[in-house]
Amino acid sequence: MYDAIIIGGGPAGLQAALTLGRMHRSVLLLDSGEYRNGTVLHMHNVVANDGTPPSDFRATARAQLAAYSDIEIRNIKAEEITGAEDAFDVRLADGTVAGARRIVLATGVADELPDVPGLAELWGVRAFGCPFCDGHEHAGRPIAVLGAAARAEHLTGLLGRIASSVTAFPIDAPYTEAERRMLESSGAGVSDRPVRSVASSTEGVLVRTDADESQVAGVFVASGSLRQRAPFAESLGLRTLDSGAIEVDDFGRASVAGVSAAGDLAHRAALPGPMASVIAAAAAGQLAAVGVVQSLLAG
Ligand SMILES: Cc1cc2nc3c(=O)[nH]c(=O)nc-3n(C[C@H](O)[C@H](O)[C@H](O)COP(=O)(O)OP(=O)(O)OC[C@H]3O[C@@H](n4cnc5c(N)ncnc54)[C@H](O)[C@@H]3O)c2cc1C
């Protein structure tokens, strides 16, 4: 029986493992290899790792974790969690079962993109969602924002200082007159026609409507949603927030005893949503691990 099983090998799970391993708590980290930034070539806004490929970041973390004899990593999917605090069982994809006193969920979220032909192929390379992560790389060049007017206006506010111009494209139907006025007053140009497809081009991205096409350096997606990558929030009956994320306290503890959660899949109720970034996920992983250490001491 492990002290803790961590499910997830992104920044949240890797940091949680490091913290627990350093405190000589036995840890099994499970990783199915489905990372939110799995298509991303270079991550940004990560101090000391600005521009580092996420795959390098994970490889370095794993190499450093290998120095700790209490940490075991398996590249395998967790299928089911049963049991309760001090006696959880995690069934793995190969049918074996591993036991642990505590569970740390760090399974992340998956992005549900709007149905725009070509968009999925560009995701993380020339199409993005987060100006903090990928805005600066488009400095002084034109960008497009695609989809929902309210979010597009917000993106224009953030990106307008960085890009040479921002053009908003609706997705299914033209923007309403009120939406057009709102977008224009935020500084965006507004396409009359919905985007029909996007494709990689020498200048960045070719955005096509039924009537014309535009060259931009990159696109930011204003529509779309997130879903929990793994089924455990639901199967364990964890309390969730309006954002769809798992509710946690300051030390990452979820609403079921012995279960913690860290990273994009969880946040405190005081926040409107997960602060989705590599640094925030790692910080949450560390806090969750500290919470686990404290509860093991108390138990
Ligand atoms: C296009 C894009 C670009 C981004 N760029 C940046 C950037 O430049 N800078 C930045 O700070 N942030 C960036 N982000 C955000 C960043 O990727 C996330 O905030 C971060 O990866 C969250 O870490 P996490 O550990 O919570 O989840 P993830 O990194 O998504 O890791 C989830 C882990 O859980 C595992 N998992 C899931 N289900 C199971 C299961 N059933 N069994 C076993 N393992 C499982 C997965 O395999 C994976 O190891 C970007 C996001 C996107 C979508």
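1. Helices (H or I, at least four residues) and strands (E, at least two) are DSSP runs, numbered from the N terminus. Residues are numbered from 1 along each chain as its sequence is written. The model is predicted: local features need pLDDT of at least 70 and side-chain atom pairs count only at pLDDT 80 or more, while totals for chains, interfaces and linings use all residues.

2. T96 lies in the loop between strand 5 (87–92) and strand 6. Is T96 buried or exposed? A residue is buried if 20 or more other C-beta atoms lie within 10 Å of its own, exposed if 12 or fewer, and partly exposed in between, with C-beta atoms placed from the backbone. T96 has 10 other C-beta atoms within 10 Å and is therefore exposed. From T96 to A78 the C-alpha separation is 9.9 Å, and the two residues are 18 apart in sequence.

3. R25 also sits in a loop, the one between helix 1 and strand 2 (27–30). R25 counts as buried because it has 20 C-beta neighbours inside 10 Å. Contact here is taken between C-beta atoms, placed from the backbone, that lie within 7 Å. Leaving out residues up to four places away in sequence, R25 touches D3, A4, L20, D70, V293 and L296. The C-alpha atoms of R25 and V292 are 9.6 Å apart, although 267 residues separate them along the chain.

4. Helix 1 (residues 11–22) and helix 8 (residues 278–298) have axes that come within 7 Å and cross at roughly 35°. Axes are lines fitted to C-alpha atoms, for helices over the stretch in contact, and angles run from 0 to 180 degrees between N-to-C directions. The crossing of helix 1 past helix 8 is right-handed; that term applies if the near helix is turned clockwise from the far one by less than a right angle, and left-handed if anticlockwise. On the helix 1 side the contact is made by P11, A12, G13, Q15, A16, T19 and L20. On the helix 8 side, the residues include V278, A281, A282, G285, A289 and V293. By class, this contact holds 13 nonpolar, five polar and no charged residues. Ala, Val, Leu, Ile, Met, Phe, Trp, Tyr, Cys and Pro count as nonpolar, Asp, Glu, Lys and Arg as charged, and the others, Gly among them, as polar.

5. What does helix 8 pack against? Its buried residues, among them L287, A288, G291 and V292, pack against strand 1 (2–7), helix 1, strand 6 (97–105) and strand 18 (259–261). The end C-alpha atoms of helix 8 are 30 Å apart, which agrees with the 30 Å that its 21 residues should span at 1.5 Å a residue. That expected span is 1.5 Å times one less than the number of residues.

6. An open sheet of five strands has the order 8-15-9-10-11, and its pairing is parallel. Two strands pair if DSSP finds at least two bridges between them. Strand 8 (127–128) and strand 11 (189–190) are at the edges; each has a single partner strand, so one side of each lacks a neighbour in the sheet.

7. Within this sheet, strand 9 (residues 142–146) pairs with strand 15 (residues 218–221) in the parallel sense over four bridges. Strand 9 pairs with strand 10 in the parallel sense over five bridges. I143 has a bridge partner in each of these strands: G218 in strand 15 and V166 in strand 10. Strand 10 (residues 165–169) is largely enclosed by the rest of the structure, because four of its five residues are buried.

8. Three strands form an open sheet in the order 12-13-14, with antiparallel pairing. Strand 12 and strand 14 (213–216) stand at the edges with a single partner strand each, so one side of each is left without a neighbour in the sheet. From one strand to the next, the twist averages 25°.

9. Strand 12 (residues 197–201) and strand 13 (residues 204–208) pair in the antiparallel sense over five bridges, with A199 opposite L206. Strand 13 and strand 14 pair in the antiparallel sense over four bridges. In this pairing V207 stands opposite S214, and R208 stands opposite E213.

Conventions:
Contact = placed C-beta atoms within 7 Å.
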